[in-house]
Amino acid sequence: MSLLAQELAELIRQEGPLSVSRYMALCLGHPRHGYYMKQDPFGADGDFTTAPEISQVFGELIGLWAASLWQAMGAPASVRLVELGPGRGTLMQDMLRAARALPGFREALSVHLVEMSPVLRERQRVTLAAVGVEPHWHDRIDQALDGPTIVIANEFLDALPLDQFIRTPEGWRERLVGLDDEGRLAFGLAGEPDNSLSVAAPASSVLEQPAAALEAVAAIARHVAAEGGVGLFIDYGPARSGFGDTLQALKRHAFVDVLAEPGDADLTVHVDFARMAQAGLAAGAAVHGAATQRDFLLALGLQQRFEALSRRATPEQAQTLAEGVQRLIDTGPTAMGELFKVLAVAERNLPLLPGFDLHRLPEQG
Ligand code: SAH
């Protein structure tokens, strides 16, 4: 048993079963044993790979998107560029390099990162020093927001803890993490149904309540509606709400049991984009999307950017570029192009944001 598994078992013996959100929060964020707190999980040798780690084009297109939004906002003399959960800092580095194309933007912006992991903060510091940027770090989203702000979050919402409920004949009962007869972590159900939930659903349906993700989107929506700016969320999940258990654990690029390796496997959930959009609207912002990652990147000029880079590349480099770009937009149930969605919350007086016109460019070989 891992140190965290032992600590969780002790906690359950003392306080009773844990909610799924508490389990998730401890697995990812426990100060000593939490998954993100003790290591850098990215890349081919790590547990998973994200879009910015696959292709530089991803961050470059988003950097140009942010720059054009700054212009549409009236080119404020000072703007915060905020990233939530920046990982290795790769996306921000690629964004800033591309954003140099727009005179004035680099001078106007200050970089703010919301990151809980000391290991990853250090990694981000090194990555951004290479492009001459000293970011400001924050523990919480509200601390990072001030004045006109552009927020970017790639694969952040999927790491925020949620609660799960299961439809039983008596009503919705919360799914909890307790111990089996041998003292191992095991799922169970709360003794009493939760009468505050009135959603109708077939027997055994799983209802997920992503309170932290909804609050994150709402906080940014409230801020940009009041003080100007936009928030961009990219993640995997459905465009329409549904029932189902989406909690998953990943280790070395393979799925593992979600209770088997607390703190040693990444834990994520699928993001319900319909509910995130509702949260943005309810908080007073304009909402754009959700678009598929494929449509979004193609509309931002993925193909043109790829061709421009390829012209300056060796044949091997061009091949690697082509493979990376293709991975970002591939279709199919496990590929990124359609599984990943893009949602923006924005101040209300901006026109339709670039990338959300759902314009599909003709496919090119
Ligand atoms: N955006 C990056 C990394 C995604 S992994 C990329 O695309 O490569 C999730 C990131 O969010 C990590 O940096 C992790 O440490 C951070 N994170 C997860 N939960 C967090 C929380 N509650 N508060 C702040 N940062 C968090």
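Helices here (H or I, at least four residues) and strands (E, at least two) are DSSP runs, numbered from the N terminus. Axes are lines fitted to C-alpha atoms, for helices over the stretch in contact, with angles running from 0 to 180 degrees between N-to-C directions.

Before you click around: this is a predicted model, where local features need pLDDT of at least 70, side-chain atom pairs count only at pLDDT 80 or more, and totals for chains, interfaces and linings use all residues. Residues are numbered from 1 along each chain as its sequence is written, and side-chain values use heavy atoms, leaving out hydrogens and water.

**Stop 1: α4 and α5.** Two packed helices are described by the angle between their axes and the distance between the axes. Select α5 (residues 90-99) along with α4: their axes come within 7 Å and cross at roughly 55 degrees. That makes the pair oblique; angles under 35 degrees count as roughly parallel, over 145 as roughly antiparallel, 65 to 115 as roughly perpendicular and the rest as oblique. The crossing is right-handed, meaning the near helix is turned clockwise from the far one by less than a right angle. Now show side chains: Phe58, Ile62 and Leu64 are among the α4 residues that meet α5, whose side includes Leu91, Met95 and Arg97. Contact means heavy atoms within 4.5 Å.

**Stop 2: α4 and α12.** Pick out Gln56, Val57, Glu60 and Leu61 in α4, which meet Leu302, Arg305 and Leu309 in α12.

**Stop 3: the ligand.** How many residues surround the ligand? There are 18, and the closest are Thr50, Gly85, Gly87, Glu115 and Asn154; a residue is near if one of its heavy atoms lies within 4 Å. Zoom in on the polar contacts (pairs of N or O atoms within 3.5 Å). A side-chain N or O atom of Thr50 is 2.5 Å from a ligand oxygen, and a polar side-chain atom of Glu115 lies 2.6 Å from an oxygen of the ligand. At Gly85, a polar backbone atom is 2.7 Å from a ligand nitrogen.

Stop 4: Most residues other than glycine have a negative phi, and most peptide bonds are trans. Select Ala75, in the loop between α4 and β2 (79-84): its phi is positive, near 50 degrees. Finish at Ala290 in strand β14 (residues 286-292), where the peptide bond from Gly289 to Ala290 is cis, with omega near 10 degrees.

Key. Polar contact = N/O pair within 3.5 Å; in protein donor to acceptor, adjacent residues only side chain to side chain.
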